[in-house]
There are 2 protein chains.
Amino acid sequence: MIDYRRTHTCGELKKNDCEKYVTLSGWVHKHRDHGGIIFVNIRDRYGKTQLVFNSDKNPECYAIAENLHIEWVISVKGEVIPRTDGMTNPSMPTGDIEVLVKEINILSKARPLPISVSDDFVEVNEETRLKYRYLDMRRGDISDKLIMRHKAMHAMRMFMDSKDFIEITTPILAKSTPEGARDYLIPSRIYPGNFYALPQSPQIFKQLLMISGIDKYFQFAPCFRDEDLRASRQPEFTQLDMEMSFETTEKLFEIIEDLFASTFKKCLGVDITTPFRQIPYRECMKRYGTDKPDLRYGMELVCLDDIAKRSTFSVFLDQLEAGNVIKGLCVKKGADISRKMIDNYTSFVGKLGIRGLAWMKMKDNSLSSSIVKFFSPEIQEELVTKMGIEDGDLVFIIADKESATNQALDHLRRRLAKDRDLIGNNKYEFLWVTEFPLLAWNDDEERLEAEHHPFTAPHNDDIHLLDSDPLKVRSQSYDLVLNGYELASGSQRIHSVEIQEKIFETLKLTHDEIHERFGFFIEALQYGTPPHLGIGIGFDRVIMIMTQTENIRDVIAFPKTNKAMDLMSESPSAIDREQLKELRITVEE
Amino acid sequence: MIDYRRTHTCGELKKNDCEKYVTLSGWVHKHRDHGGIIFVNIRDRYGKTQLVFNSDKNPECYAIAENLHIEWVISVKGEVIPRTDGMTNPSMPTGDIEVLVKEINILSKARPLPISVSDDFVEVNEETRLKYRYLDMRRGDISDKLIMRHKAMHAMRMFMDSKDFIEITTPILAKSTPEGARDYLIPSRIYPGNFYALPQSPQIFKQLLMISGIDKYFQFAPCFRDEDLRASRQPEFTQLDMEMSFETTEKLFEIIEDLFASTFKKCLGVDITTPFRQIPYRECMKRYGTDKPDLRYGMELVCLDDIAKRSTFSVFLDQLEAGNVIKGLCVKKGADISRKMIDNYTSFVGKLGIRGLAWMKMKDNSLSSSIVKFFSPEIQEELVTKMGIEDGDLVFIIADKESATNQALDHLRRRLAKDRDLIGNNKYEFLWVTEFPLLAWNDDEERLEAEHHPFTAPHNDDIHLLDSDPLKVRSQSYDLVLNGYELASGSQRIHSVEIQEKIFETLKLTHDEIHERFGFFIEALQYGTPPHLGIGIGFDRVIMIMTQTENIRDVIAFPKTNKAMDLMSESPSAIDREQLKELRITVEE
């Protein structure tokens with residue numbers, strides 16, 4: 001029986017370990033035969049160590065080493081010795097030493113690999129990487145991210161536990177709900193024709209826990225959505241879900257801020273400033289054109305309606321006439337942006353449906369561009385003050401429908417920040433966006449619908465508007481935004497039967513519809529519901545930001561493609577007819 | 001806006017809090033109107049506090065209190081005052097004080113409840129309890145168990161993290177495998193006719209992680225089996241799953257023993273003796289008739305073949321002739337067991353297919369019973385010595401097929417321990433059962449099959465038997481048993497391609513079958529697999545033992561019935577035809 005128990009990992013031996021007799025086990029990472037002397041780099045997830053096989057000193061080991069191949073698994077025993085002068089490798093943590101091998105055992109052999117895992121990094125297409133995920137992970141990049149994921153998850157659990165939150169697991173074989181995205185369904189064998197559904201979130205379960213008297217709940221919850229996927233989506237994803245009773249939004253913000261601060265400190269060594277900024281939704285849209293602004297840089301949007309209407313520029317005047325808006329942003333020191341670049345930005349916003357991108361440069365303390373002439377000197381001065389234009393700056397102005405203008409300027413702002421390198425590394429700008437609208441108008445169905453879900457509490461000051469101007473009603477909801485990404489979303493829930501009924505009335509739901517769609521949950525709300533509120537944090541996104549990747553697949557051990565396929569196990573796959581027969585379902589040809 | 005933020009929970013106010021002005025929020029638990037004075041017990045998950053409403057001192061609050069009903073949610077502010085002499089309640093942690101209410105707000109009202117949650121415990125049938133799970137949880141018993149579940153899960157995570165294990169989440173939308181129990185299937189919308197499956201365990205994924213170089217993995221993994229359920233099963237359950245590379249069984253035992261010791265200490269204050277006992281499977285079957293013996297009491301089984309064959313008792317002689325066995329157990333001080341009780345035990349083993357239960361009592365240093373005459377004094381003496389029979393003891397003896405005899409004596413032993421109160425409270429007897437057989441004979445299919453799964457490593461000493469006597473081959477597998485329950489199961493896995501091929505050969509699997517059944521995993525094993533081993537711990541069972549319940553539903557927040565039904569949400573349920581159409585499946589009528 002081979003004793004392959006490691007005395008050390010392949011990443012830890014240092015100069016002061018010299019003369020120790022050690023056992024290392026791992027993969028053959030590199031193999032160099034110098035004739036009479038063979039160097040092998042042995043690798044595990046902690047690092048690499050150079051092994052030396054000397055034909056004079058230990059011919060038996062040398063003979064075995066001669067036949068080693070890349071990625072074979074070996075275990076060696078030997079003496080740690082210093083590398084001779086000039087042979088040390090400062091780029092390798094173990095680069096000061098090597099291990100003179102006295103005993104070697106081959107634990108398992110390897111066929112030639114379809115993916116290189118050597119230091120000579122070879123770009124491999126993502127499909128192959130996903131098919132051989134277990135080999136791709138040997139390259140270190142993915143497994144480092146998974147280790148960060150573990151650390152962050154652990155730090156967050158420690159934090160939530162320290163605040164007396166109870167982690168409670170809710171069902172995965174859950175009930176199909178007609179709201180929201182498409183459910184994944186699971187046919188029941190015992191009740192043919194009936195189905196379970198994978199949960200899109202634990203929303204109803206966590207509210208039931210509050211009704212049950214559990215006052216502080218959390219969970220790292222697997223959530224599922226059968227959607228047509230975008231690059232940053234996965235059919236299954238993880239939410240750090242929490243809910244609490246008898247508390248306020250201020251307290252929830254404090255808890256979540258401390259959660260992120262302690263996690264980022266522990267895992268990244270980064271100090272985060274708390275409390276986070278807060279901006280109500282309407283103000284946010286005005287200043288950034290989006291409800292998830294990236295606050296790592298400036299370039300706030302400025303409304304120019306008032307100035308434009310006093311210009312003689314017919315394009316602007318026509319837009320204002322049509323009820324549209326004129327908004328702009330100021331690029332500090334942007335006067336160096338060339339005409340060609342401006343043309344690029346014009347076609348960039350053009351793709352978003354915007355027909356023109358006006359601009360002005362400030363040089364030698366005067367504005368220049370083809371449209372400056374339409375603005376009187378007084379109005380120019382007003383513009384300069386309002387937008388804070390300084391010498392060397394450039395402003396972009398868009399005139400279009402409000403939503404299109406906001407969208408275009410948001411995209412333009414993000415694009416400019418990248419192009420002009422305004423973002424900087426390791427900056428984490430958190431933001432609470434609050435007071436989202438409670439209701440939205442569904443054009444297709446020509447009716448009001450809940451913006452979030454129908455259990456979100458309306459803002460106390462706006463309840464009187466529910467009948468007269470429902471689209472103006474703000475909700476007690478909030479999103480957490482980090483560096484331009486929506487990280488989390490939550491709200492105060494309705495706990496009063498009266499208000500819940502008022503909302504259903506506003507949504508024009510009949511008694512039958514209410515029962516069919518929310519059934520048992522509406523009953524539960526009537527047995528004494530405490531005031532409660534909560535939030536769901538997109539944990540995969542948090543880890544993406546912490547590990548600086550734009551690819552959600554990088555932070556999931558065994559992810560699926562955009563088309564919800566697991567290329568490694570080739571799932572989904574065909575099923576034995578017998579199994580379907582037991583479920584009493586047939587697949588259409 | 002009502003300020004319902006609690007200064008204290010309903011379980012913490014003590015005498016030294018008197019004169020404090022406090023805010024409590026919770027449910028109206030009890031309501032007693034004494035005319036001019038009203039007592040209300042307010043409850044949250046931490047406890048109860050008595051509130052006093054005095055019509056003289058605060059008529060406004062009193063007027064509100066008059067109309068309160070059970071389970072309404074209220075928030076009160078008031079002064080903590082000592083209860084008058086004779087009115088204290090020592091059985092209530094807050095029984096020394098009460099709160100004189102100065103301000104009360106009703107947060108939400110409640111319809112009459114279908115389940116009583118008062119102190120006057122009313123037994124409710126389990127169906128109603130499950131339908132109104134969120135109300136049943138207000139009664140405290142279930143939520144206490146869920147809190148213990150959280151504590152144990154957290155303690156285990158802390159331990160695994162401290163040992164450098166990485167928690168990695170594996171997919172829930174996984175691949176259907178033809179091995180093991182029935183899979184839950186999920187039709188794919190994007191690939192009509194193809195299905196995902198919910199994982200029965202993360203076995204393949206965790207082995208792939210070892211191949212990827214992650215050397216220490218764990219996970220609290222949701223697992224799923226579409227089986228016809230027994231009382232102690234749920235369609236979804238939780239496994240504490242772990243795997244590691246380059247280590248030995250001894251090390252794994254040490255880690256798991258320390259895991260349990262630290263968890264039981266933290267959560268129960270109980271000291272567990274480590275290391276745990278170890279018994280090889282064959283010896284275990286011999287001594288206890290089962291592979292999951294309860295070691296909290298004695299009554300080991302004794303093989304009496306050798307003695308019986310020298311008796312003149314034809315029943316025993318006939319059984320021996322037929323190749324069957326004679327085994328017995330000794331009940332200490334069991335001579336008080338009446339003939340009626342013996343008859344009961346006889347019919348008890350009768351239900352397990354055993355036709356007779358022989359017995360002997362030792363009184364005044366001589367054996368007595370109807371069969372004693374068939375044993376010569378010398379043989380009687382030998383029997384007494386072999387079974388350790390002392391004055392006042394009773395022995396039971398069964399003669400039948402080995403497996404039936406073992407099963408019956410195991411059940412009899414457990415039954416006797418209960419009847420005779422031999423178990424005691426808070427005793428935790430852990431046991432490793434090792435060296436399970438590698439292979440089993442499948443009578444139906446007339447072929448060898450893997451006892452555990454085909455990746456379990458054979459015992460090094462037995463590999464030579466794979467051709468000649470495969471059923472004799474022991475595996476490097478182990479179960480962890482606690483108080484008679486199987487808690488965990490694991491093994492050293494095969495990491496050598498040669499041995500894996502040898503096993504497939506022994507199982508008479510063709511190349512095509514191997515590919516179809518194990519496909520990509522077999523390929524993965526060939527790219528350099530480290531020696532690895534692991535275990536899966538039935539976490540629900542652990543919590544059942546820690547919270548002393550026999551009902552698995554008591555330790556799961558929202559469980560399903562034996563028939564896999566969620567009575568609360570009425571799931572599984574019928575689905576919109578449109579949804580099925582999108583999936584291109586039809587349900588047979």
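Is B:Lys251 buried, partly exposed or exposed? B:Lys251 is partly exposed, at 29% relative accessibility (buried is under 20% relative accessible area, exposed over 50%, partly exposed in between, with a 1.4 Å probe and protein chains only).

1. A word on the basis: this is a predicted model, where local features need pLDDT of at least 70 and side-chain atom pairs count only at pLDDT 80 or more, while totals for chains, interfaces and linings use all residues. Side-chain values use heavy atoms, leaving out hydrogens and water.

2. B:Lys251 has a salt-bridge partner in B:Glu254, with the closest N and O atoms 3.7 Å apart (a salt bridge is a side-chain nitrogen of Lys or Arg within 4 Å of a carboxyl oxygen of Asp or Glu). The two sit 3 residues apart in helix H6 (residues 249-268) of chain B, so about one helical turn separates them (helices are DSSP runs of H or I, at least four residues, and strands are runs of E, at least two, numbered from the N terminus). B:Glu254 is partly exposed too, at 41%.

3. Over all chains, the whole structure holds 86 salt bridges. In one of them, A:Lys502 meets A:Asp467 at 2.8 Å, N to O. A:Lys502 belongs to helix H14 (residues 497-506) and A:Asp467 to helix H13 (residues 465-468), both of chain A, so the pair ties together parts 35 residues apart in sequence.

4. B:Asp17 and B:Lys20 also form a salt bridge, at 2.7 Å, N to O. Here B:Asp17 is buried at 8%, whereas B:Lys20 is partly exposed at 37%.

Notes:
Residues are numbered from 1 along each chain as its sequence is written. Chains are lettered from A and ligands numbered from 1 in the order in which they are written.
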